[in-house]
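Thanks for coming. I have one structure to go through today, so please look at it while I talk.

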Amino acid sequence: MIIPVRCFTCGKLIGDLWEEFARRVKTGENASDILDSLGVKRYCCRRMLLSNVEIIDEILRFYEEAEKRKESQNLY
Amino acid sequence: MEIKILDKNATTMRLMIRGADVTLVNALRRIMLAEVPSMAIDEVVIIDNSSILQDEIIAHRLGLTPLKTDLDSYNLPGECECKSEFGCSLCRVTITLNAEANEGTRTVYSGELVSENPEIVPVSDKIPLIKLAKGQKLKLEAYARLGKGKNHAKWQPVSMCAYKYLPKIEIASEKCTGCAKCVEICPKKVFAIKADMVEVRDLLACNLCMDCVEACPQKPSPIKVSWEKNAFIMNIESTGVLPPERIIQEATKILDKQLKEFEEQVKVEVK
Ligand SMILES: [Zn+2]
Ligand SMILES: [Zn+2]
C-alpha cells in the first residue's frame with residue numbers, strides 16, 4: 001500500500017529513505033548502489049525498499065478523478 | 001575486563017570486549033533489546049479521518065515512528081507517581097496532527113506532527129505517514145509513552161544488537177601454496193594474497209563460516225579458524241531514539257538494579 005515505516009524483520013527505520021530511493025531508481029541508477037549509499041546494509045531492510053510498490057498512488061487516482069469530475073460539473 | 005570502541009557514529013557502535021563471559025554479554029544484549037525503555041506513540045484518538053487508510057493502519061504507522069527519547073525527564077507509566085491510567089505530564093507526551101490536502105494529492109510527513117515537548121519529536125522529518133487526495137482530511141491526537149521492547153517491538157531502542165566471538169585465524173605459511181582458493185570463497189573477504197602467500201587482511205570481518213578451510217585443496221588445511229575465549233565483538237545499531245552509548249549504559253543500570261533487587265530478596269528470605 002504505502003512504504004512501511006520500519007523494516008518488518010529488524011525494525012530499522014526505512015520509511016524516510018523511500019522517496020530518495022524511488023527517485024534515484026527512476027533516473028536509472030543501480031538499485032544496489034543506491035541502497036549501499038543510503039546505508040541500508042542488511043538484506044531484510046534492502047528487500048523492504050526493493051520490493052515495495054506504492055499501490056496507494058493507484059488508489060488515489062480514483063479520488064483524483066472523482067474530484068476532477070466534481071469540478072467540471074461545477075463549471076457547467 | 002577491557003572494552004575498546006572500534007567505531008562509533010550517531011546511530012551505530014562496535015565494541016570489542018575482552019575478559020567478559022558469554023553470560024554477561026548476552027544478558028546485556030537481551031536487556032538492550034527488551035528492557036531499555038524508549039518513547040513511542042501508544043494511544044491515538046482519531047478526530048477526523050477521510051483518508052483512504054483505516055484508523056488502525058494510521059495508528060500503527062504512528063506507533064512505529066521512532067521518537068527521540070528523553071529518559072531523564074520522563075517516567076515509565078507504571079512507575080510514575082501519578083498512578084493514573086491516562087498519565088500526567090511526566091509520563092505522557094501529547095502529539096497532534098492536523099493535515100488537509102487543499103491543492104491536490106500530497107504526502108503527509110512525520111515532520112507535520114506537533115509535539116507538546118519540542119524534544120520528543122520523530123527521529124526523521126521525512127517519514128511518509130499517509131497520502132491524501134484533494135479534499136481529504138486527517139486530524140488526530142496521539143499520546144506517546146515510555147515502554148519496553150518486551151511489550152511491543154516499537155519500544156525497542158535498537159534495530160540490531162548482536163555479538164560474536166573474536167575470530168582467530170592461523171595460517172601455517174610453510175604449507176600454504178598460495179592457490180588463492182580461500183581468497184575467492186570467503187564471503188567476507190577476510191584474506192588477501194601478498195607475495196604468493198595468503199594473509200589475513202580483515203580479521204574482524206570473519207564470521208567463522210569455515211568455508212576457507214573446506215575450499216583449501218590441502219588436507220589437513222594449513223588454515224586454522226577458531227575463536228578467542230572470552231573476547232567478543234558487539235554491534236549496536238540504534239533506531240535513533242537514543243545514542244548507542246546511552247543504550248548500553250542504561251542496560252548496565254537495569255541489570256544492576258535487577259541484581260540488587262535479587263540480592264535483597266535473597267537476604268530477606270534467608271533471615
Ligand atoms: Zn531490516
Ligand atoms: Zn504520570
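I will go from the domains to the core, then to helices, then to a few backbone details.

First, a caution: this is a predicted model.

Start with chain B. The domain assignment gives domain 1 (2–34 + 159–236) and domain 2 (38–154). The centres of these two domains of chain B, taken over C-alpha atoms, are 42 Å apart.

Which residues touch the most other members of the largest nonpolar core? That core has 62 residues, and the ones in question are A:Ile14, A:Leu49, B:Met32, B:Ile130, B:Ala144, B:Ile236 and B:Ile247. Strand β8 of chain B, residues 137–147, gives the most to this core, with 5 residues. Domain 1 and domain 2 of chain B each supply at least three residues to it.

Take B:Ile236 as an example. Leaving out residues up to four places away in sequence, B:Ile236 touches B:Thr12, B:Met13, B:Met32, B:Val158, B:Cys161, B:Pro244, B:Ile247 and B:Ile248.

Next, a helix pair. Two packed helices are described by the angle between their axes and the distance between the axes. In chain B, the axes of α1 (residues 22–34) and α5 (residues 244–270) come within 9 Å and cross at roughly 110°. That makes α1(B) roughly perpendicular to α5(B). On the α1(B) side, B:Ala27, B:Leu28, B:Ile31 and B:Met32 take part. They meet B:Ile247, B:Ile248, B:Ala251, B:Thr252, B:Ile254 and B:Leu255 in α5(B).

Over in chain A, is helix α4 mostly buried or in the open? Helix α4 of chain A covers residues 55–75, and its 21 residues reach 31 Å from first C-alpha to last, close to the 30 Å expected. Of those 21 residues, the number buried is 2, so α4(A) lies largely in the open.

Last, the backbone of chain B. B:Lys219 and B:Pro220 are joined by a cis peptide bond, with omega about -5°. B:Pro220 sits in the loop between α4 (211–215) and β12 (223–238) of chain B.

Two non-glycine residues have a positive phi: B:Ala180, near 70°, and B:Leu208, near 60°. B:Ala180 is in the loop between β9 (158–171) and α3 (181–185) of chain B, while B:Leu208 is in the loop between β11 (197–200) and α4 of chain B. B:Ala180 has 14 C-beta neighbours inside 10 Å, so it counts as partly exposed. B:Leu208, with 14 C-beta neighbours inside 10 Å, also counts as partly exposed.

Key: Residues numbered from 1 in each chain as written. Chains lettered and ligands numbered in written order. Predicted model: local features only at pLDDT ≥ 70, side-chain atom pairs only at ≥ 80, totals over all residues. Helix = DSSP H or I, 4+ residues; strand = E, 2+ residues; numbered from the N terminus. Expected span 1.5 Å × (residues − 1). Buried ≥ 20, exposed ≤ 12 C-beta atoms within 10 Å, placed from the backbone. Core = buried A, V, L, I, M, F, W, Y, C linked by C-beta atoms within 7 Å. Domains from an automatic or database assignment. Contact = placed C-beta atoms within 7 Å. Axes fitted to C-alpha atoms, helices over the stretch in contact; angles between N-to-C directions. Parallel < 35°, antiparallel > 145°, perpendicular 65-115°, else oblique.
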